Amino acid sequence: MLRPGLKSIWAVLLTAVVLLSAGLPVHARPGFFNRDVGTGAKPLSSSTPSGKLQEVAPPGAVQQLRQELQRHRPSLRLVNPSNDTIVATQELELSFEIDDWPLNNDPELGLGPHIAIQIDDRSPLRLSDSDGNRLTVRIDDLEAGSHRFSAWAAYPWGEAVQSPGASIQGRVHLWQKLQGTQPDRDSPWLVPVPPAGEQGLQPLLVDWLLWNAPLQNLREGDGRWRLRISIDGDSFLVDHQEALWLKGSNGASSHDIQMELLNELGEPITPVFNNQLVHLKAPSGPKPGWMRSRLNESQLARLSGSPEPEMPETVEQPKEAPQKAEQPPQLAPVEIEAETETEAETETDPIAPENSDHETPQSPLAQDQATAEASQPTPTKEQPADNDLPMNTSENNPPVAEKPTESLEQQAKTEAKLMPSSSLGGSARELLNSDGRLRKP
């Protein structure tokens with residue numbers, strides 16, 4: 001028999017065990033992420049790239065494009081066929097709808113924002129053309145049986161957008177289902193996300209999607225999965241979903257990237273689907289636009305699918321307005337020519353006014369008329385001398401306002417008063433004396 005004191009101790013211990021057991025997470029499918037508390041093994045801690053690998057910042061163009069595209073929230077939906085359906089046809093057609101993602105492919109800079117679709121372990125198909133917001137892809141070389149697919153909104157360099165609704169996954173069966181050939185509906189499975197073009201460009205993009213894995217790192221010690229990444233022989237562990245940019249120093253032109261999904265103890269999780277290898281071929285051809293150190297405004301708009309900024313000529317158009325306002329002074333030479341032509345016409349006009357600066361010799365009839373006008377009485381001092389003279393368009397005699405008509409007597413007096421002071425050479429008035437009579441030769 002146990003002593004009363006020992007009974008109390010055993011009761012406390014049993015109560016503690018029951019409480020601790022109630023606090024452990026319960027999993028519908030044991031073996032994926034459950035902790036083995038009996039072994040006393042410690043969870044694996046994450047690590048940073050080591051050996052020849054070094055984590056670096058992404059190219060400058062990638063940083064510019066990411067900032068430009070952050071304002072978008074892509075939403076991707078499967079339209080046809082429905083998830084986990086059986087299709088009785090050899091040609092599989094998948095249709096999707098995408099909202100708020102500017103699909104683009106620039107002929108000079110390369111692929112812009114796009115949709116990537118991967119079936120089983122095949123290389124992703126990249127779509128940048130749509131009918132409105134509808135995208136369709138046809139595949140006619142799939143074997144009969146079950147297949148899995150995943151699709152995601154991708155940045156120009158291929159990285160998957162991690163915002164909610166930007167990626168989807170599903171299953172489709174040709175003719176009939178085949179059990180065991182694909183992960184179960186709730187099983188975790190890994191999808192490596194290679195860079196666009198699948199070339200081993202430096203720095204390397206390392207990205208992935210992980211389906212049906214529990215969230216972690218919400219609090220300390222809640223990590224239940226690890227991803228082991230090995231690149232050309234160097235390995236490290238990560239415990240969070242975030243794309244990496246890595247640079248190696250071995251100078252290799254091609255690279256092999258292996259990804260393995262593990263639980264927190266380092267044990268493989270269904271390795272038939274979660275041990276993936278991506279081979280990046282040696283770079284060839286010109287570098288894509290996102291590999292540049294910097295993009296100008298026009299390149300950034302074209303590669304991100306945004307409207308291009310207005311050309312500099314359009315911005316500077318208001319500056320041309322003052323130049324157009326200064327054009328009227330250019331008409332001055334035309335006015336001068338008009339005045340010159342007027343003067344020429346005045347000089348050649350047979351009825352030009354008598355007080356012109358350039359008078360021509362008059363006929364005998366004109367001389368007799370002048371003599372008759374000169375014989376009239378002299379006008380008074382109050383009367384202006386040039387009131388009734390015809391308007392002259394010459395430069396020395398500007399036109400004056402026309403006044404009321406005077407009598408012939410006043411006009412004769414005005415002419416007689418002006419005659420003695422006239423100094424115009426070649427005028428008929430020089431042939432007259434002060435009294436109005438003809439001067440003898």
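Guide: Helices (H or I, at least four residues) and strands (E, at least two) are DSSP runs, numbered from the N terminus. The model is predicted, so local features need pLDDT of at least 70 and side-chain atom pairs count only at pLDDT 80 or more, while totals for chains, interfaces and linings use all residues. Residues are numbered from 1 along each chain as its sequence is written, and side-chain values use heavy atoms, with hydrogens and water left out.

Visitor: How many helices and strands does the chain have?

Guide: The chain has 9 helices and 18 strands.

Visitor: And what percentage of the residues count as buried?

Guide: Of the 441 residues, 37% count as buried. Buried means under 20% relative accessible area, exposed over 50%, and partly exposed in between (1.4 Å probe, protein chains only).

Visitor: Which residues have the most contacts inside the largest nonpolar core?

Guide: They are Phe96, Trp101, Ile115, Trp157 and Trp290, in a core of 40 residues. A nonpolar core is a set of buried Ala, Val, Leu, Ile, Met, Phe, Trp, Tyr and Cys residues joined through side-chain atoms within 4.5 Å. Among the elements that give two or more residues to this core are helix 2, strand 7 (114-119), strand 10 (145-154) and helix 4. A second, separate core of 20 residues includes Val206, Leu210, Ile229 and Met259.

Visitor: What is Ile115 in contact with, leaving aside its neighbours within four places in sequence?

Guide: Its partners include Leu76, Ile98, Trp101, Leu103 and Trp152. Contact means heavy atoms within 4.5 Å.

Visitor: Back to helix 2 and helix 4. At what angle do their axes cross?

Guide: The axes of helix 2 (residues 60-69) and helix 4 (residues 297-304) cross at roughly 65° and come within 10 Å. Axes are lines fitted to C-alpha atoms, for helices over the stretch in contact, and angles run from 0 to 180 degrees between N-to-C directions. Gln64, Leu65, Glu68 and Leu69 of helix 2 make the contact with Leu300, Leu303 and Ser304 of helix 4.

Visitor: Now the sheets. In what order do the 5 strands of the open sheet lie?

Guide: The order is 3-11-10-7-8, with mixed pairing. Two strands pair if DSSP finds at least two bridges between them. Strand 3 (85-87) and strand 8 (125-127) are the edge strands, each pairing on one side only.

Visitor: How many residues of strand 13 are buried?

Guide: Strand 13 (residues 204-211) has 8 of its 8 residues buried. Leu204, Val206, Trp208 and Leu210 point one way, and Leu205, Asp207, Leu209 and Trp211 point the other way. In a regular strand the side chains alternate between the two faces of the sheet. Strand 13 pairs in the antiparallel sense with strand 12 (residues 189-193) over 5 bridges and with strand 16 (residues 244-247) over 3 bridges.

Visitor: Which peptide bonds are cis?

Guide: Two examples are the bond from Asn80 to Pro81, with omega near -5°, and the bond from Gln202 to Pro203, with omega near 0°. Pro81 is in the loop between strand 2 (75-80) and strand 3, and Pro203 is in the loop between strand 12 and strand 13.

Visitor: And what is the phi of Trp175?

Guide: Trp175 has a positive phi of about 75°, although it is not a glycine. Trp175 lies in the loop between strand 11 and strand 12 and is partly exposed, with a relative accessible area of 45%.
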